[in-house]
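Subject: Structure handover

Hello,

Here is the structure I said I would pass on. My notes on what was found in it follow below.

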Amino acid sequence: MKPSQFAKGFQARPDTTSSEKRTALDRLNAIDGLVKNGPAGTEALSRATTSSATYNVADSDTIDAANESAAYRAWRTEHAYRPGQVIELPLKTIKPSPFNPRHFYVKSSIAELAVNLAKQGQQQAIHVIPDYDNPGTYFVSDGGRRVRALKEANKEAVKAIVIDLPIGIQSYKLGYDLNVQRDSQTVFDNAVVWKRFLDDRHFQSQKELAEHLGLDESTVAVALSVAKLPEAVMHEMVARPDRFGSNMAYQVGRYHTARGADATLRLINKILSDDLSTRQVADIVKGRATAQESSKPAGRQRYAQRLEIKLGGVSVGDLKSYGDDRIELRLKGLTREKRDEILKQIEKMLK
């Protein structure tokens with residue numbers, strides 16, 4: 001790829017002092033903030049083209065070069081790239097990282113995001129790392145879900161920031177931290193990936209892994225216990241993170257150890273259909289109740305049907321029906337405008 005072709009669509013990063021020294025993650029967190037707060041869309045790219053034309057590779061010496069890897073410095077010098085710039089890369093050059101913090105991708109969620117990207121365009125750049133052994137290709141460090149959705153939307157390019165991290169635990173930590181900030185990292189992703197880290201001896205113990213991630217060791221222990229579940233069982237819970245957090249997944253894992261996969265799948269269905277709490281499931285695991293019994297308090301009516309409601313791919317509540325004549329709508333986290341719009345539509349329907 002020619003430097004002039006690569007530079008097309010650059011977005012310049014605001015000036016920083018040459019004395020400013022950041023760790024790799026601090027620099028990347030700052031870049032992430034720039035992407036979230038900076039201009040987006042084709043307007044930003046058109047402005048970026050002008051700024052890239054005035055960039056002098058010699059200026060790279062003022063960009064925290066002391067902390068750069070030799071491979072990254074050589075790469076950005078060859079392509080006239082300034083750290084933090086948003087560029088467009090062909091989707092076909094992007095590939096998964098072997099240290100991706102995400103393991104599970106829900107098809108329905110990818111489809112919803114694909115529809116949104118087709119309408120609104122990509123608003124946030126992904127982070128990629130050059131594959132220096134295969135020039136012209138890049139590993140995704142953060143943004144695997146967006147890449148999958150763009151492909152499903154039949155897009156050919158992706159907005160990206162090229163970062164200076166080795167493919168390994170550091171690149172995993174970047175993606176993990178960003179996913180945690182977005183509340184998109186699940187205990188099931190952690191279970192599979194953390195078990196693989198220990199199996200591959202990237203860490204000598206779960207204590208060392210916990211210390212590296214800045215987590216309590218009990219959090220890692222719970223995830224590793226969930227890792228004993230078959231992936232087919234995990235898949236049944238991944239799509240409902242509102243119902244299957246760490247504690248619930250832990251109880252399901254205990255039940256699976258005692259009863260096996262088929263019984264566990266039936267329990268998962270009961271958790272969803274009867275809206276069981278973690279305590280109620282714990283009672284079933286301990287033998288104080290059975291998965292066939294109703295653990296609901298006396299007098300509480302069981303709903304006949306439940307529909308999860310999402311806005312922009314995010315769950316905001318549900319609609320439940322009871323008997324022949326009752327429905328219950330529960331929504332939260334709406335903007336005032338969206339709330340008022342929904343109220344008007346309901347009022348219109350009931351007139």
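**The sheet around β4**

Val-128 stands opposite Val-140 in β4. That pair belongs to the contact between strand β3 (residues 126-130) and β4, which run antiparallel and are joined by 4 bridges. Before going further, please note that this is a predicted model.

On another pairing, β4 is joined by 2 bridges to strand β2 (residues 94-95), and these two run parallel. Ile-94 is opposite Tyr-138 of β4, and Lys-95 has Phe-139 as its bridge partner in β4.

How much of β4 is buried? Of the 5 residues in strand β4 (residues 138-142), 5 are buried, so the strand is largely enclosed by the rest of the structure.

These strands are part of an open sheet of 5 strands with mixed pairing, in the order β1-β5-β3-β4-β2. β1 (86-90) and β2 are its edge strands, and each pairs on one side only. On the β1 side, 5 bridges join β1 to β5 in an antiparallel arrangement, with Glu-88 standing opposite Lys-159 of β5. β5 also pairs with β3, here in the parallel sense, over 3 bridges; His-127 has its bridge partner in β5 at Ile-161. In β5, 5 of the 6 residues are buried, so this strand too is largely enclosed by the rest of the structure.

One helix to look at together with the sheet is α6. It lies across β2, β3, β4 and β5 and runs at about 120° to β4.

**The cores and helix α8**

The largest nonpolar core has 39 residues, and those touching the most other members are Tyr-172, Phe-188, Trp-194, Phe-197, Met-237, Phe-244 and Ile-271. At least two residues of this core come from each of α7 (169-182), α8 (187-199), α9 (206-213), α10 (217-226), α11 (231-238), α12 (246-259), α13 and α14. Which helix gives the largest share of this core? That is α8, with 8 residues.

A second, separate core has 31 residues, among them Tyr-72, Ala-114, Ile-126 and Val-147.

Back in α8, 10 of its 13 residues are buried, so the helix is largely enclosed by the rest of the structure. The buried residues are Val-187, Phe-188, Asp-189, Asn-190, Ala-191, Val-192, Val-193, Trp-194, Phe-197 and Leu-198. The buried residues of α8 pack against α7, α9, α10, α11 and α12.

Trp-194 can be followed in detail. Apart from its neighbours within four places in sequence, Trp-194 is in contact with Tyr-172, Tyr-176, Leu-209, Leu-213, Leu-215, Thr-219, Val-220, Ala-223 and Leu-224.

**Positive phi values**

Most residues other than glycine have a negative phi. Exceptions are listed here for your backbone checks.

- Arg-201, which follows α8, has a positive phi near 65°.
- Asn-154 is not a glycine, yet its phi is positive at about 65°. Asn-154 is found in the loop between α6 (144-152) and β5 (157-162) and is exposed, with a relative accessible area of 67%.
- Asp-275, also a residue other than glycine, has a positive phi near 55°. Asp-275 lies in the loop between α13 (261-274) and α14 (278-286).

**Totals for the chain**

The protein chain has 15 helices and 8 strands. Of its 351 residues, 42% count as buried. Among contacts in the chain with a separation of 6 or more, 66% are between residues 24 or more positions apart. The accessible surface of the chain comes to about 19100 Å², and 50% of that belongs to carbon and sulfur atoms.

Regards

Key: Residues numbered from 1 in each chain as written. Predicted model: local features only at pLDDT ≥ 70, side-chain atom pairs only at ≥ 80, totals over all residues. Heavy atoms only, no water. Buried < 20%, exposed > 50% of the residue type's maximum accessible area, 1.4 Å probe, protein only. Contact = heavy atoms within 4.5 Å. Areas by Shrake-Rupley, 256 points an atom, 1.4 Å probe, with all protein chains shown as cover. Pairing = 2+ DSSP bridges. Core = buried A, V, L, I, M, F, W, Y, C linked by side-chain atoms within 4.5 Å. Axes fitted to C-alpha atoms, helices over the stretch in contact; angles between N-to-C directions.
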